[in-house]
Amino acid sequence: MPETVPQTVPETKNLPLTPELYAYVLAHNPALDPVQQALVESTHARFPDDAIKQVAREQASLLAFLVRLTGARQVVEVGTFTGLSALAMAQALADGGRLLTLDVSEEWTAHAREAWAKAGVADRIDLRIAPAIETLRALPAEPHIDLAFVDANKDGYIDYWEEIVPRLRPGGLLVADNVLFGGQVSDPAVTEGLAVHIRAFNEHVAADRRMESVMLTVADGITLARRVD
Ligand SMILES: C[S@@+](CC[C@H](N)C(=O)[O-])C[C@H]1O[C@@H](n2cnc3c(N)ncnc32)[C@H](O)[C@@H]1O
């Protein structure tokens, strides 16, 4: 009989994120600026049923941090909503930098435009209202994107990945949100729905030798992937 290798579940260092611990994390992160804070509040007031779509505060800070860290000048976002992640990234752009952000909703993105104007960054943001896959396919084919953030319909993630990766400059970064999908990705009882698409995306990412990727337990899970080929 073949010898069986014991399958051990690695010990986790992650703590349960209690409300108190989360408040502590936020208290030790950069505070949202007044326009960002107002955008969080107005999104909850105007779109209470959809406000959960907005990136978490620490994600807005992380995205801005990554844009500054990489000195990104060409940023593409898939999934604008009311514009918090776009705002944070646009404010962090290097001189002359541009953010292209893609969505299908006129209503949500009208709210985003108001915030970008208040923050004085509207002139560096190009918003395209159309299915994101159409806009991505129409972009120049050569590598020109420094950083991309994917946060839209989960059944489109693999297609977005396939359009963005060849357009990333060497060393360019792709950030994907919701890669843990509320924890459903590891639940064998979940066999249908959007979690299945995210599972397929995570497999796709892990197998792609063009990219080096790391999955992190930030908010609903994010993957950072860097072009290495
Ligand atoms: C999770 S929200 C984005 C949140 C945003 N990053 C923020 O911080 O506020 C997802 C967005 O994707 C948009 N979306 C859904 N399907 C889309 C598609 N096929 N093409 C472009 N955008 C799409 C939705 O309208 C929604 O605004």
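Biologist: Which residues of H5 are buried?
Modeller: This is a predicted model. In H5, Thr109, His111, Ala112, Ala115 and Trp116 are buried. Buried means under 20% relative accessible area.

Biologist: What makes these buried residues line one face of the helix?
Modeller: Look down the axis of H5. The buried residues fall within an arc of 150 degrees, so they line one face. An α-helix has 3.6 residues a turn, so residues three or four places apart point the same way.

Biologist: Which exposed residues does the face turned away from the buried side carry?
Modeller: That face of H5 carries Glu106, Glu107 and Lys118. Exposed means over 50% relative accessible area.

Biologist: What do the buried residues of H5 pack against?
Modeller: They pack against H2, H4, strand E2 (98-103) and E3.

Biologist: How do you know that the span of H5 agrees with its 14 residues?
Modeller: The expected span is 1.5 Å times one less than the number of residues. For H5 that should give 20 Å, and its end C-alpha atoms are 20 Å apart, so the two agree.

Biologist: Why is Ser105 called a cap of H5?
Modeller: Ser105 sits at the N-terminal end of H5, where its side-chain oxygen lies 3.4 Å from the backbone nitrogen of Glu107. A polar contact needs N or O atoms within 3.5 Å, so this pair passes that cut-off.

Biologist: What comes just after H5?
Modeller: Gly120, with a positive phi of about 75 degrees.

Terms used. Residues are numbered from 1 along each chain as its sequence is written. This is a predicted model: local features need pLDDT of at least 70, side-chain atom pairs count only at pLDDT 80 or more; totals for chains, interfaces and linings use all residues. Side-chain values use heavy atoms; hydrogens and water are left out. Helices (H or I, at least four residues) and strands (E, at least two) are DSSP runs, numbered from the N terminus. Buried means under 20% relative accessible area, exposed over 50%, partly exposed in between (1.4 Å probe, protein chains only). The arc is that of the directions from the helix axis to the C-beta atoms. Contact means heavy atoms within 4.5 Å. A polar contact is a pair of N or O atoms within 3.5 Å; within protein, one must be able to donate a hydrogen and the other to accept it, and residues adjacent in sequence count only if both atoms are side-chain atoms.
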